[in-house]
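Have the sequence and the coordinates at hand as you read.

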Amino acid sequence: MRKVRSVIVWLIVVISVVTLITLPINLQTQLITSVSVVILMALIKFMKGEGSWRLIALAFGSSIILRYVFWRTTSTLPPLNQPENFIPGFLLYLAEMYSVMMGALSLFVVAMPLPPRPSRAASEDRFPHVDVFVPSYNEEAALLANTLAAAKSMDYPSDRIDVWLLDDGGTLQKRNAHNLLESQAATARREQLSQLCEELGAHYLTRDRNEHAKAGNLNNGMKHSKGELIAVFDADHAPARDFLLETVGYFDDDPKLFLVQTPHFFLNPDPVERNLQTFDKMPSENEMFYGIIQRGLDKWNAAFFCGSAAVLRRTALEETKGFSGISITEDCETAIALHSRGWNSIYVDKPLIAGLQPATFASFIGQRSRWAQGMMQILRFRFPLLKGGLSIPQRLCYMSSTLFWLFPFPRTIFLFAPLFYLFFNLEIFTSSGGEFLAYTLTYMLVNLMMQNYLYGSFRWPWISELYEYVQTVHLLPAVVSVILNPRKPTFKVTAKDESISVSRLSEISRPFFVIFGVLLVAFCVAIYRVYAEPYKADVTLVVGGWTLLNLIMAGCALGVVSERGERSSSRRVRVNRRCEFGIGDKWHPASIEDVSVHGARLHVFSKTFDPLEIDARGAIKFRPYSGADEETLPIAVRNIKASGEITSIGCLYLPHNARDHRLIADLIFANSDQWTRFQLSRRRNPGLIRGTIWFLSVAFYQTSRGLVYFFRSLKPKEEDQRQTVGVPGE
């Protein structure tokens with residue numbers, strides 16, 4: 001009886017909503033209604049309404065969007081007997097409907113995400129055996145040493161953990177390669193990493209052939225290990241000391257739990273953040289996914305494996321014969337397979353690892369191309385909507401995650417649609433200026449407000465649009481290729497720990513300048529047509545405004561592809577840790593102010609020594625988190641700056657053995673609280689108005705900076721080198 005009543009209530013609600021959406025009203029009433037909803041949503045936001053009030057605001061916003069969809073479907077499409085107008089017009093309509101559909105799926109996922117889970121420490125009387133897998137392909141030994149040392153230093157009984165370096169760069173296939181250079185490099189790599197693992201107390205494991213990429217490498221690790229749980233860290237993802245203590249306990253609560261996923265925190269900015277200089281003041285792009293979306297997925301038991309910073313149950317993986325390898329995104333594919341078999345997952349929203357992002361724009365695009373192509377393969381081979389065993393919410397969640405990567409298609413259409421009118425006089429959108437104001441403009445405004453409701457301090461206004469635009473230019477052909485040939489893509493390792501010695505244009509920047517030039521010409525045409533064709537001024541103004549918005553976005557992208565020079569890809573992290581600084585046999589009280597994966601900056605009390613007497617080599621002595629006694633780390637002094645009673649010393653680590661690598665890992669990665677503090681320091685919501693003003697100012701500056709880089713690149717090579725030397729960091 002209760003079920004029947006519930007169905008009746010839902011039918012009444014649906015009929016009422018459909019009636020309101022399709023109710024014929026005049027333009028003035030529509031405008032008043034839209035403005036009223038915008039004001040109401042703004043008031044709820046201003047009053048910090050949460051819970052039911054948040055849902056009410058989102059419901060009002062959804063009503064305006066659905067009203068727009070009805071008007072767009074019934075009143076704006078060009079006639080079928082005008083194919084030159086109808087075809088591009090219908091493509092634009094499909095692009096908008098895709099955006100509405102993705103908005104609806106996002107609303108379902110994150111309207112009320114789970115709050116961060118409380119800490120769940122491992123049981124004191126039970127520590128399940130954990131195999132830690134660090135898959136590697138071409139990473140440098142120094143990078144791997146940091147990750148392996150951090151993994152070995154995790155706060156967990158040493159007899160209950162085994163750390164494995166799964167090296168796909170030293171396979172028998174590579175060592176026997178016909179290319180002599182490749183063969184010798186693989187042999188030398190195997191010897192070097194075997195010795196490193198022996199010194200650190202880790203297991204070195206390679207295989208005969210490089211088959212099925214990362215998934216095959218992980219499955220080979222499973223064959224040679226037997227731990228109850230498997231923790232996976234990418235080669236550049238070093239865990240904090242409390243990683244296992246914060247994750248393994250959840251497996252005792254649920255025997256059907258196959259995954260505990262934690263967020264990926266990055267020490268360095270991605271190319272967008274670095275070139276726009278927003279890393280220290282604006283949330284990173286990945287924080288929207290790990291801070292909101294994964295918590296929303298977790299609500300529906302659909303949080304998925306992200307390839308690293310996770311713990312998985314071996315018996316669950318054995319059910320699916322290990323990690324799935326049909327697609328090049330083995331992580332999400334593995335999660336779908338296990339969710340469909342009735343296994344559960346949870347997401348712990350606490351950064352417990354620190355890693356590196358691609359430093360160059362080209363590497364960034366290469367990484368995103370792999371993600372996009374892998375998700376398209378999953379959509380093609382697994383199709384979550386019809387995947388047996390998944391619940392309806394899980395199907396919707398996985399469809400949201402995979403369909404998102406189709407965004408290059410609508411973004412391309414939105415970019416070029418105004419040009420059909422301005423250059424070819426095609427009418428692909430049938431409406432007046434008044435209708436645009438009452439329907440389209442309010443729809444766009446409500447969309448922005450709903451994004452602000454959903455993501456707040458995790459994603460500032462217009463940033464998602466910028467990220468999608470800069471990826472679209474190169475992701476579109478990648479997505480098209482995998483749709484046409486879904487088995488074609490192969491796994492490519494993302495380059496990490498890169499550096500850009502001098503400022504320059506990205507090697508894949510040319511299309512962005514071409515698009516900017518076309519849009520600039522189009523905007524000039526729009527201005528001309530307003531005066532030359534006053535009887536069409538209302539429509540031309542609308543199209544001109546659309547073109548201006550695209551031009552602003554394209555201009556900001558010029559700054560994104562203008563690579564700022566930096567000495568290192570690694571950012572320094574503030575730690576404020578007491579130590580002693582040693583030169584020769586003398587020790588002086590000091591503090592470690594910040595650290596990176598390569599070095600540290602010390603503050604030394606100047607009255608205890610003469611800075612002029614400092615040698616090039618020295619040491620720092622500090623108490624690691626993993627021990628009670630102080631230990632010494634050798635360093636090289638790189639620079640000295642005296643200021644009053646404090647002397648600032650920049651130093652470079654000089655690791656000689658496994659103990660030194662453990663000390664470096666302790667300095668950088670041991671304390672997970674520092675990552676949380678850093679993230680929270682960037683999380684603030686500027687609001688729609690202030691956020692828009694900020695973005696416009698950034699776009700204006702980045703447009704001019706990008707054009708300066710472009711014209712500088714046209715100069716003769718010798719002169720260009722003279723201009724760029726000394727530019728690092730700008």
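A polar contact is a pair of N or O atoms within 3.5 Å; within protein, one must be able to donate a hydrogen and the other to accept it, and residues adjacent in sequence count only if both atoms are side-chain atoms. With that in mind, look at Q294, whose side chain reaches the backbone oxygen of F304 at 3.3 Å.

Some ground rules come next. This is a predicted model, in which local features need pLDDT of at least 70, side-chain atom pairs count only at pLDDT 80 or more, and totals for chains, interfaces and linings use all residues. Residues are numbered from 1 along each chain as its sequence is written, and side-chain values use heavy atoms, with hydrogens and water left out.

The average pLDDT (the predictor's confidence in each residue, from 0 to 100) is 89 for the chain, and 92% of the residues score at least 70. Over residues 722-730, pLDDT stays under 50, and the model has 16 contacts (heavy atoms within 4.5 Å) beyond four places in sequence for them.

Back to Q294, which sits in helix α11, residues 285-299. Helices (H or I, at least four residues) and strands (E, at least two) are DSSP runs, numbered from the N terminus. Is Q294 buried or exposed? Q294 is buried, with a relative accessible area of 0%; buried means under 20%, exposed over 50% and partly exposed in between, with a 1.4 Å probe and protein chains only. Leaving aside neighbours within four places in sequence, Q294 is in contact with Q261, F289, A303, F304, C306 and Y347.

Helix α13 (residues 330-339) is mostly covered, with 10 of its 10 residues buried. Among them are E330, D331, E333 and H339. The buried residues of α13 pack against α8, β6, α12, β9, α14 and α15.

Now for the nonpolar cores, each a set of buried Ala, Val, Leu, Ile, Met, Phe, Trp, Tyr and Cys residues joined through side-chain atoms within 4.5 Å. The largest has 125 residues, of which F323, L466, Y469 and V470 touch the most other members. Apart from this core lies another, of 71 residues, among them V132, A150, L244 and L633. Beyond four places in sequence, V470 is in contact with V272, F361, I365, F512, A557 and V560.

In β10, A354 is the bridge partner of F265.

The structure holds 28 aromatic pairs. Rings of Phe, Tyr and Trp (its six-membered ring) pair if their centres lie within 6.5 Å; planes under 30 degrees apart count as stacked, over 60 as edge-to-face and the rest as tilted. Here are two of the pairs:

| Pair | Centre to centre | Angle of planes | Class |
|---|---|---|---|
| F233 and F243 | 4.8 Å | 70° | edge-to-face |
| F305 and F323 | 6.0 Å | 40° | tilted |

F233 and F243 are 10 residues apart, in the loops on either side of β5, and F233 and F243 are both buried. F305 and F323 are 18 residues apart, and both F305 and F323 are buried. Elsewhere, Y68, W71, F429, Y439 and Y443 form one aromatic cluster.

Technical notes: Pairing = 2+ DSSP bridges.
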